[in-house]
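Welcome, and thanks for taking a look at this model. Below is a short tour of selected sites, written to be read with the viewer open.

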Amino acid sequence: MVRTRFAPSPNGPLHLGHAWSAIVAHDLAQARGGRFLLRIEDIDGVRSRPALAAEFRADLAWLGLEWDETPPQSTRLATYTEAAESLLAMGLLYPCTCTRAEIAAAAIRAGPDGPVYPGTCRGRTDAPAGAAWRLDVGAALARTGPLMWEDEIAGPRRARPELGGDVVLLRKNAPASYHLAVTLDDAADRVALVTRGRDLFAASHVHRLLQALLGLPVPTWHHHALLLDANGEKLAKRRGSSSLADRRLAGEDGRAIAADLRSGRFPAGVSLAQGVGDPE
Ligand SMILES: [Zn+2]
């Protein structure tokens, strides 16, 4: 049975781009007789606002979606620690105390998420307080050998986690980075089809590597096209996309909004990105 998921962080309200992402995941599961899961990614420290999770559920119900809820990330911290310890035992993690400015100054190329960390601290064996812990991607790939993964839309890919450099797996102010937590959660939730926006395409290179290192099942991915605003940028609250909660409380019909999205009737100024959009 195919399980898909929608995994929002309660850092801010959902908007139309989130509705689109949830509907894509929901409908893919439904079309295949599977299940659609909601997971609250609530480990973003100070930015996380627990009250928003209840709002998210009200938003999804208002859109006419049905879901099964999985445990929130805050209940899974032991799993993240255990995985990090096993990577540490493999000699694949090292501490990094570089600041964002130092990384920007030292970076020699840009990657999917900005300046690529050049590996300044690679090989460090101390454990300074307040360090972030990075994955030695080169050593990890040497251990796993070449890896493949498959996106339903873009087709088979060779995993190229080196594109983003040595990513942070344990953050200074949070129990785990997005990469580590989401990979472990999708395995724990038996998500066989990972659906998310194309802006996260490059993250899958890293997630495939983590799956190989940690002996996790390998899902198929479905990176859907993003909704864009009039400037061709991804919809975002800070650029004026009104929240689903505001529209719900204003008495708009959520099911009608979902039906419009499904049939490609987008609001004025909103469009669906064209092309496969492969960030490689
Ligand atoms: Zn460093």
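This is a predicted model: local features need pLDDT of at least 70, side-chain atom pairs count only at pLDDT 80 or more; totals for chains, interfaces and linings use all residues.

## A strand residue to start with

The backbone oxygen of Ala-154 sits 2.9 Å from a polar atom of the Arg-157 side chain. That is a polar contact (a pair of N or O atoms within 3.5 Å; within protein, one must be able to donate a hydrogen and the other to accept it, and residues adjacent in sequence count only if both atoms are side-chain atoms). Arg-157 belongs to strand S9, residues 155-158. Helices (H or I, at least four residues) and strands (E, at least two) are DSSP runs, numbered from the N terminus. Arg-157 is buried, at 15% relative accessibility; buried means under 20% relative accessible area, exposed over 50% and partly exposed in between, with a 1.4 Å probe and protein chains only.

Residues are numbered from 1 along each chain as its sequence is written, and side-chain values use heavy atoms, with hydrogens and water left out.

## The zinc site

Which protein atoms are donors of the zinc ion? They are SG of Cys-96, SG of Cys-98, OH of Tyr-117 and SG of Cys-121, lying 2.1 to 2.3 Å from the ion. Donors here are N, O and S atoms within 2.8 Å of the metal (3.2 Å for Na, K and Ca); water is not among the atoms, so sites may look incomplete. Along the chain, the zinc donors follow the spacing C-x1-C-x18-Y-x3-C.

The angles among the 4 donor atoms run from 99 to 122°, and the zinc site is tetrahedral. Four donors count as tetrahedral if all angles lie between 85 and 135 degrees. For reference, the ideal angle for four tetrahedral donors is 109.5 degrees. Cys-96 counts as buried at 2% relative accessibility, and Tyr-117 is buried with a relative accessible area of 5%.

## Helix H3 and its two partners

Two packed helices are described by the angle between their axes and the distance between the axes. Axes are lines fitted to C-alpha atoms, for helices over the stretch in contact, and angles run from 0 to 180 degrees between N-to-C directions. The axes of helix H3 (residues 77-89) and helix H6 (residues 178-188) come within 10 Å and cross at roughly 110°. H3 is therefore roughly perpendicular to H6, a label for angles of 65 to 115 degrees. Thr-79, Tyr-80, Ala-83 and Ala-84 of H3 make the contact with Leu-180, Ala-181, Leu-184 and Asp-185 of H6, where contact means heavy atoms within 4.5 Å.

H3 also packs with helix H7 (residues 203-214), at an angle of about 80° and with the axes 11 Å apart. This makes H3 roughly perpendicular to H7. Here the contact involves Ala-83, Ser-86 and Leu-87 of H3, together with Leu-210, Leu-213 and Leu-214 of H7.

## Buried residues and their surroundings

Ile-43 lies in the loop between strand S2 (35-38) and helix H2 (51-62) and is buried at 9% relative accessibility. Leaving aside neighbours within four places in sequence, Ile-43 is in contact with Gln-73, Ser-74, Leu-77, Tyr-80, Ala-174, Pro-175, Ala-176 and Ala-181. In helix H1 (residues 16-31) we find His-26, which is buried with a relative accessible area of 7%. With neighbours within four places in sequence left aside, the contacts of His-26 are Thr-4, Phe-36, Leu-65, Glu-66 and Arg-262.

Phe-201 is in the loop between S11 and H7 and is buried, at 1% relative accessibility.

Is Arg-190 buried or exposed? Arg-190 counts as exposed, at 57% relative accessibility. It lies in the loop between H6 and strand S11 (193-197), and its phi is near 55°, a positive value in a residue other than glycine.

Ala-192 lies in the loop between H6 and S11 and is partly exposed at 35% relative accessibility. Not counting residues up to four places away in sequence, Ala-192 touches Arg-3, Pro-219 and Thr-220.

Terms used: Four donors count as tetrahedral if all angles lie between 85 and 135 degrees; four count as square planar and six as octahedral if opposite donors are over 155 degrees apart and all others between 65 and 115; anything else is irregular. Angles under 35 degrees count as roughly parallel, over 145 as roughly antiparallel, 65 to 115 as roughly perpendicular and the rest as oblique.
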